[in-house]
Amino acid sequence: NTDTAHDDTRAMHQVITRRMKRLLADRNVNPAEIAETGGKVSKFAYPPQLIVVDGGAPQVSAAKRALDELGITDVALCGLAKRLEEVWMPGDKDPLILPRTSEGMYLLQRIRDEAHRFAITFHRSKRSKLMLESLLDDIPNLGEIRRQALVERFGSVAALKKASVTEISEIPGIGAKTAESIVAAISQSQASLSVDAATGEILESESDA
């Protein structure tokens, strides 16, 4: 699908641009400024020496274009296409084919798989928080501050479901009566929720999808 491929390369360009702009910003930070913030280490305290993108020639080209536009020339780049596990380098017409037993190939696979795992975990966590926020929105007299406190404390419907009235009432601003209302609301919501037996994740029922 041409549209899907275009969206994929555009997203790759945007992500690399956004991340590398932060790298450039970190490079421009004065050490004295870091000391003033209590020595807080940024996410780019150790600049990347290699960027591995998930994809082939189009994705690598999009990432390379982003680096070129930002003037970054000291970070290596390659892509790993999953279907045949081909390694693509910027500007090359053909991929590198590494032996399946290659330690280099194994390292690239581990990097890619860890990135996938992190992304899946992040989006699952984000989805769980959105579901919890939606549930709390339906509880009367529960203000924004208390809703956010509950989301920060429990993070998901599943975690809140396991909490007792006493544990919920320990949240600042939430008394026993409000905690009981929250427990009741969760109990009523169970008819429209199901649990993924493999992950324990609370899922929407098919009728609500």
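1. A residue is called buried under 20% relative accessible area, exposed over 50%, and partly exposed in between. Arginine 65 has a relative accessibility of 41%, so it counts as partly exposed. The model discussed in these points is a predicted one.

2. Arginine 65 belongs to helix α3, which spans residues 57-70. Its C-alpha lies 9.4 Å from the C-alpha of isoleucine 16, although 49 residues separate arginine 65 and isoleucine 16 in sequence. Arginine 65 is also one of the residues that histidine 13 touches.

3. Histidine 13 is a residue of helix α1, which covers residues 2-27. Is histidine 13 buried or exposed? Its relative accessible area is 16%, and because the limit for buried is under 20%, histidine 13 counts as buried. Leaving out residues up to four places away in sequence, histidine 13 touches Ala62, Arg65, Ala66 and Glu69.

4. Arginine 27 is also placed in helix α1. Arginine 27 is partly exposed, at 38% relative accessibility. Between arginine 27 and proline 47 there are 8.9 Å from C-alpha to C-alpha, and the two are 20 residues apart along the chain.

5. The strands come next. Strand β1 (residues 50-54) pairs with β2 in the parallel sense, over 5 bridges. Together with helix α3, β1 and β2 form a β-α-β unit that is right-handed.

6. Strand β2 runs over residues 76-81 and is mostly covered, with 5 of its 6 residues buried. On its other pairing, β2 is joined to strand β3 (residues 86-88) by 3 bridges, and these two strands run antiparallel. Which residues does glycine 79 of β2 meet through bridges? Valine 53 has glycine 79 as its bridge partner, and in β3 the partner of glycine 79 is tryptophan 88.

7. The hairpin of β2 and β3 has 4 residues between the strands. Glutamate 85 is found in this loop. Glutamate 85 is not a glycine, yet has a positive phi of about 55 degrees. Glutamate 85 has a relative accessible area of 9%, and therefore counts as buried.

8. In soluble globular proteins, nonpolar side chains tend to be buried together.

9. With its neighbours within four places in sequence left aside, isoleucine 168 is in contact with Leu150, Phe154, Leu160, Ala163, Ile174, Ala179, Ile182 and Val183.

10. Serine 169 lies in helix α7, residues 165-169. Its relative accessible area is 24%, so serine 169 is partly exposed. Beyond residues up to four places away in sequence, serine 169 touches Ile174, Gly175, Ala176 and Ala179. The C-alpha atoms of serine 169 and isoleucine 182 are 9.8 Å apart, with the two residues 13 places apart along the chain.

11. A last point concerns the rings. How many aromatic pairs are counted? The count comes to 0 aromatic pairs, where a pair of Phe, Tyr or Trp rings requires centres within 6.5 Å. The ring of phenylalanine 154 does have a charge over it: the charged end of arginine 153 sits there, 4.7 Å from the centre of the ring.

Key:
Residues are numbered from 1 along each chain as its sequence is written. This is a predicted model: local features need pLDDT of at least 70, side-chain atom pairs count only at pLDDT 80 or more; totals for chains, interfaces and linings use all residues. Side-chain values use heavy atoms; hydrogens and water are left out. Buried means under 20% relative accessible area, exposed over 50%, partly exposed in between (1.4 Å probe, protein chains only). Contact means heavy atoms within 4.5 Å. Rings of Phe, Tyr and Trp (its six-membered ring) pair if their centres lie within 6.5 Å; planes under 30 degrees apart count as stacked, over 60 as edge-to-face and the rest as tilted. A charge sits over a ring if NZ of Lys or CZ of Arg is within 6 Å of the ring centre and within 35 degrees of the ring normal. Two strands pair if DSSP finds at least two bridges between them. A crossover is right-handed if, with the strands pointing away from the viewer, the path from the first strand over the helix to the second runs clockwise.
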